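I opened the model to look up a few local features, and I keep my notes here in the order in which I took them.

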Amino acid sequence: MSWIKRIGFLTAFIIPLLAIFGFYLGGWWNYLTIGFVFIIIPLADSLIGEDPENMEDADALVISEQFYYRFITYIWAVFQLAFLVWASAQVASISLEVHEWIGFVLSFALVTGGIGITVGHELGHKKSALERFYSKLILMTVCYMHFYIEHNRGHHVHVATPKDPATSRKNEGFYCFWFRSVLGSYRSAWNIERASLKRKGKKVWSLKNEMIWFTILPVLLAATLTLLASIWQNRFVWEVPVFFFSQAVLAFSLLEIVNYIEHYGIVRKEISPGRYERVNPMHSWNSNHRLSNFFLFQLQRHSDHHANAIKRYQVLKHYDESPQLPSGYPAMILMAAFPPLWFKKMNPKLKDWEEKVYLKKVG
């Protein structure tokens, strides 16, 4: 792998640095991160272009085992918790205007949701106990620990079928999808965990139930941060729980809009009642825009991720035959936020996919 790509994944740390820099500058500078993510990165994506290059399989075997790439994700997991502690201390001790609050919380959520959940997603797919622990740690900071269960054992099994709450449907706007996915994914995680415990002969309502812990732990984290800040400030610091849960909702909403983008309208062929064809690279939208892929640890090469879920981010492949997004995720997020614009741009692309893949198979 070239040195540019090796250091490219470190660019993710630019986002929190801008959030911190904007906070200390104060005022409207709190929107610096937002401008960078949704203006600068899309413009740079269009100028720099795409990266369709794949490494040789022999090289991928070596690079996938190099500790450097895992170390970056480990550092991020620890950093995210420290970042949350720092932010809680700031909102507890500094009086902010309304526009500063909004800008800071939005910027913070771009870090914890845009980058953080992406790293948590990567780590949650791995077999290592340490990596799975770090995944849970990150997801705890955004009140979305059930994602660890539902994504791996639900979404990856049922993706591109009506059974998957995280697969967006044709002509379904993001805001309708948000409610269906957020509520449906949480319910799905409970059902998965309940079924798992019953198979093992264990009680559902017990300390063995991860969903109980996953529901309680974020609340305990918020309570701990609030208690420590209140002792420090010698008053009840209401700003900390408001900040914590606000950034969490925005962070997992960012995850859900990415889910919406990645799977919009894609369906697998039903080969018999309730049974669907095997997941392949044609069943997720793909993007090879070079810069945004650096920031997102190649999450945009989502087609290969679903075909090979355990594969590490640095060796994910591009597939020419996969359905391709017109831009990277930052620009697509803005588009998805306006459903009429989204439908106008994406429905023709979805129709092309249907004609190329699904209708061809049926015929």
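I began with helix H14 (residues 329-336), where Tyr329, Pro330, Ala331, Met332, Ile333, Met335 and Ala336 are buried, buried meaning under 20% relative accessible area, exposed over 50% and partly exposed in between, with a 1.4 Å probe and protein chains only. Because seven of its eight residues are buried, I note H14 as largely enclosed by the rest of the structure. Helices here are DSSP runs of H or I with at least four residues, strands are runs of E with at least two, and both are numbered from the N terminus.

On sources, I note that this is a predicted model, in which local features need pLDDT of at least 70 and side-chain atom pairs count only at pLDDT 80 or more, while totals for chains, interfaces and linings use all residues. Residues are numbered from 1 along each chain as its sequence is written, and side-chain values use heavy atoms, with hydrogens and water left out.

Next I looked up helix pairs. The axes of H5 (residues 67-93) and H10 (residues 210-233) come within 10 Å and cross at roughly 45 degrees, where axes are lines fitted to C-alpha atoms, for helices over the stretch in contact, and angles run from 0 to 180 degrees between N-to-C directions. H5 and H10 are therefore oblique to each other, since angles under 35 degrees count as roughly parallel, over 145 as roughly antiparallel, 65 to 115 as roughly perpendicular and the rest as oblique. Their crossing is right-handed, the near helix being turned clockwise from the far one by less than a right angle, and left-handed if anticlockwise.

H5 also comes within 10 Å of H6 (residues 98-124), axis to axis, with a crossing of roughly 160 degrees. I therefore record H5 and H6 as roughly antiparallel to each other, and H5 passes H6 in a left-handed crossing.

I then turned to backbone angles. Most residues other than glycine have a negative phi. Ala160, in the loop between H8 (147-158) and H9 (174-199), has a positive phi near 65 degrees, and I find Ala160 buried, with a relative accessible area of 1%. Asn234 lies in the loop between H10 and H11 (239-263) and has a positive phi of about 60 degrees although it is not a glycine; Asn234 is exposed, with a relative accessible area of 72%.

My last entry concerns Trp3, which is found in helix H1 (residues 3-8) and counts as exposed at 60% relative accessibility.
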